[in-house]
Amino acid sequence: IKTKERPETVSLVIGLRGISPIVYSSLEKGKIIKIMGVNSTKDVKFNNFWMHWHKYRVSLKKKVKIIFSDKNTSYWRFFKHLKYTKVKEILHFTPSAILIIDDEAFIFSYEDKLTCIHILTKSIASSFSQFFDDLWKFA
């Protein structure tokens, strides 16, 4: 029996309406979730979006590790008290926000509007995941 693998793709997604269905779908299918470069200073609508996404993740009982680039904010505290969530901080190193779910990587920019590079390539997601693991040990 041959299983059909997803094609490797890279796409640019702009706005919450574009990214929302992709990250929710990936969350529902995903098993390993890692996030780095998270900070509290982006527009509150983006923080609210992610808090809702994480509440849904908790309802699915999916674990996550998050590396924040700041701390002692209400947004940071929300995650520190969330079930199935481990949080560490690296304050002197702030990459773009990167979400890794299994074989997918998402690189986010929160300037005027949300911009996301969605990478569906196992080798790139694995590279980001290994980088995350090294940072996690350092944090």
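1. Strand β5 supplies three residues to the lining of the largest cavity, the largest share from any element. Strands here are DSSP runs of E with at least two residues, and helices are runs of H or I with at least four, both numbered from the N terminus. At least two lining residues each come from β2 (33–38), α2 (44–59), β3 (64–68), α3 (74–80), β5 (97–101) and β6 (104–110).

2. The model is predicted, with local features needing pLDDT of at least 70 and side-chain atom pairs pLDDT 80 or more, while totals for chains, interfaces and linings use all residues. Residues are numbered from 1 along each chain as its sequence is written, and side-chain values use heavy atoms, without hydrogens and water.

3. A cavity is a set of points, on a 1 Å grid over the protein atoms alone, where a 1.4 Å probe fits but cannot get out; lining residues have an atom within 4 Å of a point. One cavity of 30 Å³ or more is counted.

4. Of its 14 lining residues, I35, V38, W50, Y75 and Y110 lie nearest the centre of the largest cavity.

5. Helix α2 has 16 residues and reaches 23 Å from first C-alpha to last, close to the expected 22 Å, which is 1.5 Å times one less than the number of residues. Buried residues (under 20% relative accessible area, 1.4 Å probe, protein chains only) in α2 include F46, W50 and W53.

6. Just after α2, K61 has a positive phi of about 60 degrees.

Note on methods
1 Å grid on protein atoms, 1.4 Å probe; cavity = no way out; pocket = protein on both sides within 12 Å on 5 of 7 lines; lining within 4 Å. Points joined across faces, edges and corners; volume = space filled by probe spheres on them. Buried < 20%, exposed > 50% of the residue type's maximum accessible area, 1.4 Å probe, protein only.
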